[in-house]
Number of protein chains: 2
Amino acid sequence: MRVADLSKRIVANLENSSWIRKLFDEGNRLKKEFGEDQVFDFSLGNPVVEPPKSFTEALREEVKKGGHGYIPNQGLVEAREKVAEFISSRFSGNFSSKHIVMTVGAGGALNVALRSILNEGEEVIVLAPYFAEYKAYIENNGGKVVSCPLTEKFEIDIEAVKKAITPKTKGLILNTPHNPTGTALTQENVNELGELLKSCEKENSQSIYVLFDEPYSQLIYDEELADPFKAYHNIILASSFSKDLGIAGERLGYLVLDSNTPDVDLLTAAFVYCNRTLGFVNAPVLMQRAIASMDNLKVDASDYKKRRDLIVDILQEAGFDFMMPKGGFFVFPKSPIEDEVAFCQHAAEKYKILVVPSSGFGVKGYFRLSFSVSLDQIERSREAFIALYKDFA
Amino acid sequence: MRVADLSKRIVANLENSSWIRKLFDEGNRLKKEFGEDQVFDFSLGNPVVEPPKSFTEALREEVKKGGHGYIPNQGLVEAREKVAEFISSRFSGNFSSKHIVMTVGAGGALNVALRSILNEGEEVIVLAPYFAEYKAYIENNGGKVVSCPLTEKFEIDIEAVKKAITPKTKGLILNTPHNPTGTALTQENVNELGELLKSCEKENSQSIYVLFDEPYSQLIYDEELADPFKAYHNIILASSFSKDLGIAGERLGYLVLDSNTPDVDLLTAAFVYCNRTLGFVNAPVLMQRAIASMDNLKVDASDYKKRRDLIVDILQEAGFDFMMPKGGFFVFPKSPIEDEVAFCQHAAEKYKILVVPSSGFGVKGYFRLSFSVSLDQIERSREAFIALYKDFA
């Protein structure tokens with residue numbers, strides 16, 4: 001019998017990603033054998049807090065009204081106005097509907113932005129550890145990934161970025177609050193990056209875009225989020241409502257241009273063209289209508305803060321070494337042994353604790369833990385984490 | 001001031017597509033000046049018939065239940081089972097949930113399928129006239145577009161396809177009922193294509209995939225839809241519920257593999273990987289839940305048939321030369337003058353009739369008319385079409 005003749009690159013990528021799948025398969029096997037509640041699954045970043053009432057009420061009203069059908073590919077004006085108001089309340093700039101393009105999630109947003117700016121072979125800097133899909137997103141659109149390490153404290157290493165920049169650098173992806181580490185950048189650190197990029201732009205007569213990926217920015221706990229628009233001009237913000245409104249899987253994302261961009265029309269025309277021709281077409285209409293009829297889009301992060309405080313307490317009691325999570329729902333402790341894949345396998349096999357080894361995020365020696373699970377599951381995992389750490393002490 | 005430094009290819013494409021935008025701008029200007037109801041807008045393929053009651057009821061129930069959150073990227077099992085049942089009732093094969101991948105619309109589906117099969121430079125045959133976005137979809141994924149004309153009656157020209165096939169041919173896009181012509185292929189014609197492709201596969205030891213794009217297949221009027229699964233083995237069906245359920249813009253699409261495909265797991269793994277890494281991630285969850293809880297997915301095409309019959313009556317009375325539309329909601333008359341762009345401009349300026357010149361679909365000398373508008377608008381346009389034709393008689 002014939003065997004499928006597929007893209008060689010895709011088949012190679014499938015093979016490379018298979019060890020992560022093995023871990024997930026192992027998790028499913030454990031859940032089947034011992035029961036869901038006997039497994040401590042911290043592997044997935046799936047929002048656990050229910051959407052705010054104002055969202056579910058708006059959604060119900062919109063379903064009653066009906067009115068499906070194609071809309072402008074850029075997005076409903078009312079939805080873009082709501083997003084513009086929301087962004088204006090949080091970042092410096094005077095954003096209006098013309099600065100916004102509604103997209104199919106933040107993943108769709110990043111692909112649309114990269115396709116719009118990249119010529120074949122141009123470079124995009126990612127700061128390691130980084131969200132694993134960035135690599136695929138950049139390569140999808142003809143770009144070359146340049147990985148540049150964050151410091152030990154997961155801050156931007158300005159000297160390292162300086163060395164990574166070449167005349168072919170077209171963009172840098174900035175992600176704060178950060179997946180996988182849960183840390184957040186300071187305004188000072190972001191300002192330093194802005195100064196560096198401005199001087200490189202001038203020196204090489206090139207344009208460097210900062211793709212500011214901020215799907216966790218409303219889930220911030222102790223301090224203010226840094227504002228990249230204060231630090232730099234060429235910002236393209238990409239985000240979604242998956243995390244803060246708790247509607248992951250509904251694919252409601254958006255792109256925002258700096259409100260001082262002189263060529264807004266050309267840039268949004270490029271975004272809209274790529275949104276359409278990459279096959280995304282438009283962000284799901286019903287979800288756009290729902291947010292358009294909400295009073296405001298602000299959410300309460302306190303449910304996540306409780307989880308953050310609890311997991312931090314447990315990891316500290318057990319003895320793990322990690323940076324305090326400032327936002328989002330991840331924490332990124334050091335693996336007690338060098339080989340973090342072996343550590344994660346041990347955690348799964350002996351304690352039914354499922355966490356993700358850091359290799360998938362471009363660095364070695366750590367593991368990622370999502371605390372977007374029930375408080376009960378976190379508390380019940382305490383003894384297992386303590387015992388797990390002792391195995392390597 | 002700086003000007004955006006964008007992808008050169010995207011900027012070039014923006015310039016090429018600008019004349020279509022000019023037509024739309026002209027339409028908007030006309031509507032503003034004379035009022036919506038004084039303009040006969042037949043330019044857009046936007047479904048006008050409301051979704052069936054069973055869909056809106058299912059959607060309301062699902063919104064009440066809540067339950068957002070990430071799901072398997074392949075799609076909810078219940079939604080895939082429903083689609084498998086639906087496909088099994090219409091095409092030959094014994095489809096189950098494992099043959100289905102839920103996607104972000106049919107546009108997302110085609111991009112995912114093309115990314116999964118194409119190596120750089122491999123060729124995909126499109127049959128002209130063709131849906132304009134095919135070109136972008138193929139080029140997005142490293143493929144080369146090979147345009148091959150349909151016959152005068154818009155049937156597959158087997159000899160022409162034979163000549164177009166090379167050892168680099170990796171796929172052919174088959175679209176019936178057809179956008180832009182509204183015609184439908186016969187089973188005999190599709191069988192001939194299947195025989196040709198099978199012999200080419202054998203001769204050159206190559207795999208040729210047929211991407212069967214069928215978003216209009218439930219809107220069929222006088223006869224049965226041809227079944228490509230009867231004619232050929234390497235079929236990848238791409239479709240969406242935008243047209244038949246009247247939910248355009250909600251982005252609920254799917255891919256279906258031939259139920260005899262020997263390597264289903266590898267192919268669906270590739271589709272799921274591309275769905276995720278291209279940034280689509282998953283089809284919107286709420287819409288998947290809605291179709292999963294419907295009794296069946298069959299719809300009544302009679303509202304569109306009424307519109308088809310009325311527009312055909314008017315075009316015949318006016319004197320236009322066209323093939324009878326068999327499905328979907330388009331008709332594709334010959335332009336009475338060679339330069340169809342000039343004809344369309346004349347129709348817009350003098351009669352406020354908005355139709356799309358055929359150049360965008362890869363052929364010259366025709367125009368596309370969408371009858372997915374109100375019966376009232378169609379009837380009111382009668383005198384304008386009669387006068388328009390007379391100007392060139």
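Visitor: By what turn can chain A be laid on chain B?
Guide: In this predicted model, chain A superposes on chain B with an RMSD of 0.0 Å. The shift along the axis is 0.0 Å, and the turn is 180°.

Visitor: As by what kind of axis are the two copies related?
Guide: In general, two copies of a chain are related by a rotation about an axis and a shift along it. Here the turn is 180° and the shift along the axis is 0.0 Å. The two copies are therefore related as by a two-fold rotation axis.

Visitor: What percentage of the contact residues of chain A recur in chain B?
Guide: Contact here means heavy atoms within 4.5 Å. By that rule, 72 residues of chain A are in contact with 72 residues of chain B. The same surface serves both copies, and the share of the contact residues of chain A that recur in chain B is 99%.

Visitor: What area is buried between chain A and chain B?
Guide: The size of an interface is often given as the accessible area lost when the parts come together. Between chain A and chain B, carbon and sulfur atoms give 53% of that area. The buried area itself is about 6100 Å².

Visitor: Which residue of chain B meets A:E133 in a salt bridge?
Guide: Side chains of opposite charge can pair when their charged atoms come close. Four salt bridges are found across the interface of chain A and chain B. In the one that A:E133 makes with chain B, the N to O distance is 2.7 Å, and the partner is B:R276.

Visitor: Which element gives the most residues to the side of chain A that touches chain B?
Guide: The interface of chain A and chain B has 36 residue pairs in polar contact, both residues at pLDDT 80 or more. Elements that give two or more residues to the side of chain A include α1 (8-16), α3 (53-65) and α10 (264-277). The most, eight residues, come from α10(A).

Visitor: How many nonpolar residues are on the side of chain A that touches chain B?
Guide: That side can be sorted by class. It has 22 polar and 15 charged residues, and the number of nonpolar residues is 35.

Visitor: How far apart are the centres of domain 1 and domain 2 of chain A?
Guide: Domain 1 of chain A is made of two stretches, 8-50 and 300-390, while domain 2 is 53-292. Taken over C-alpha atoms, the centres of domain 1 and domain 2 of chain A are separated by 27 Å.

Visitor: Which residues of domain 1 of chain A lose the most area to domain 2 of chain A?
Guide: The two domains of chain A bury about 2200 Å² between them, with 64% from carbon and sulfur atoms. In contact are 26 residues of domain 1 and 27 residues of domain 2 of chain A. Three residues together give 28% of what the domain 1 side buries: A:M323, A:K326 and A:F361.

Visitor: Which residue forms a salt bridge with A:K326?
Guide: Two salt bridges are counted between domain 1 and domain 2 of chain A. In the one at A:K326, the closest N and O atoms are 3.1 Å apart. The partner of A:K326 is A:E223.

Visitor: How many residues apart in sequence are the parts tied together by A:R308 and A:D222?
Guide: The side chains of A:R308 and A:D222 meet in a salt bridge, 3.0 Å from N to O. A:R308 lies in helix α12 of chain A and A:D222 in the loop between β6 (209-213) and α9 (228-231), so the pair ties together parts whose separation in sequence is 86 residues.

Visitor: Where is A:P180, which has a cis peptide bond from A:N179?
Guide: Most residues other than glycine have a negative phi, and most peptide bonds are trans. The bond from A:N179 to A:P180 is cis, with omega near 20°. The bond from A:T176 to A:P177 is also cis, with omega near -15°, and A:P177 is found in the loop between β5 (169-175) and α8 (187-204) of chain A. A:P180 lies in the loop between β5 and α8 of chain A.

Visitor: What is the phi of A:V281?
Guide: A:V281 is in the loop between α10 and α11 of chain A. Its phi is positive, in a residue other than glycine, with a value near 70°.

Methods. Residues are numbered from 1 along each chain as its sequence is written. Chains are lettered from A and ligands numbered from 1 in the order in which they are written. Side-chain values use heavy atoms; hydrogens and water are left out. Domain bounds come from an automatic or database domain assignment. Buried area is the accessible area (1.4 Å probe) that two parts lose on being put together, summed over both. A polar contact is a pair of N or O atoms within 3.5 Å; within protein, one must be able to donate a hydrogen and the other to accept it, and residues adjacent in sequence count only if both atoms are side-chain atoms. Helices (H or I, at least four residues) and strands (E, at least two) are DSSP runs, numbered from the N terminus. Ala, Val, Leu, Ile, Met, Phe, Trp, Tyr, Cys and Pro count as nonpolar, Asp, Glu, Lys and Arg as charged, and the others, Gly among them, as polar. Copies are superposed by least squares on the C-alpha atoms of residues with pLDDT of at least 70 in both.
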